[in-house]
Amino acid sequence: MLEFVKKALRIRHTQLDDVIETYITAAINDMALKGVKQLDEEDPLIMDCVSAYVSMLMNDNPQVVEMWYKSYERQLDGLRKSARYGEE
């Protein structure tokens with residue numbers, strides 16, 4: 001997951017790995033708290049949702065943060081409502 005998120009962020013160094021790992025964990029915990037039950041870290045939909053969350057936290061431009069927030073919330077909502085990831 002770390003390498004996927006770093007590639008999405010276009011980060012090649014390791015200096016922020018601890019921060020990114022913390023944000024990845026926070027994203028997964030947030031998704032679980034908000035009703036996503038199937039959190040396979042190798043699932044492309046989960047990876048993309050986590051990437052949106054981390055991208056939101058790694059940015060300091062308010063407009064870009066808002067864009068990533070909306071992306072994360074839309075993806076999260078879709079996962080939560082699906083039979084495979086959320087509702088049973």
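**How the helices pack**

Modeller: α3 and α4 are roughly antiparallel to each other. This is a predicted model, where local features need pLDDT of at least 70, side-chain atom pairs count only at pLDDT 80 or more, and totals for chains, interfaces and linings use all residues. Residues are numbered from 1 along each chain as its sequence is written, and side-chain values use heavy atoms, without hydrogens and water.

Colleague: Why are α3 and α4 called roughly antiparallel?

Modeller: Helix α3 (residues 44-57) and helix α4 (residues 62-81) pack at about 150°, with axes 8 Å apart. Angles over 145 degrees count as roughly antiparallel. Therefore α3 and α4 get that name.

Colleague: What makes up the contact of α3 with α4, by class?

Modeller: Contact means heavy atoms within 4.5 Å. Among the α3 residues that meet α4 are Leu45, Ile46 and Tyr53. On the α4 side, the residues include Trp68, Tyr72 and Leu79. By class, the contact has twelve nonpolar, three polar and one charged residues.

Colleague: Which residues of α1 are buried?

Modeller: In helix α1 (residues 2-9) they are Leu2, Val5 and Lys6. Buried means under 20% relative accessible area, exposed over 50%, partly exposed in between (1.4 Å probe, protein chains only).

Colleague: How do you know that they are on the same side of α1?

Modeller: They cover an arc of only 100° around the axis, so they share a side of α1. The arc is taken from the directions from the helix axis to the C-beta atoms. Exposed Glu3 and Lys7 are on the face turned away from the buried side.

Colleague: What covers the buried residues of α1?

Modeller: The cover includes α2 (17-33) and α3.

Conventions. Axes are lines fitted to C-alpha atoms, for helices over the stretch in contact, and angles run from 0 to 180 degrees between N-to-C directions. Helices (H or I, at least four residues) and strands (E, at least two) are DSSP runs, numbered from the N terminus. Angles under 35 degrees count as roughly parallel, over 145 as roughly antiparallel, 65 to 115 as roughly perpendicular and the rest as oblique. Ala, Val, Leu, Ile, Met, Phe, Trp, Tyr, Cys and Pro count as nonpolar, Asp, Glu, Lys and Arg as charged, and the others, Gly among them, as polar.
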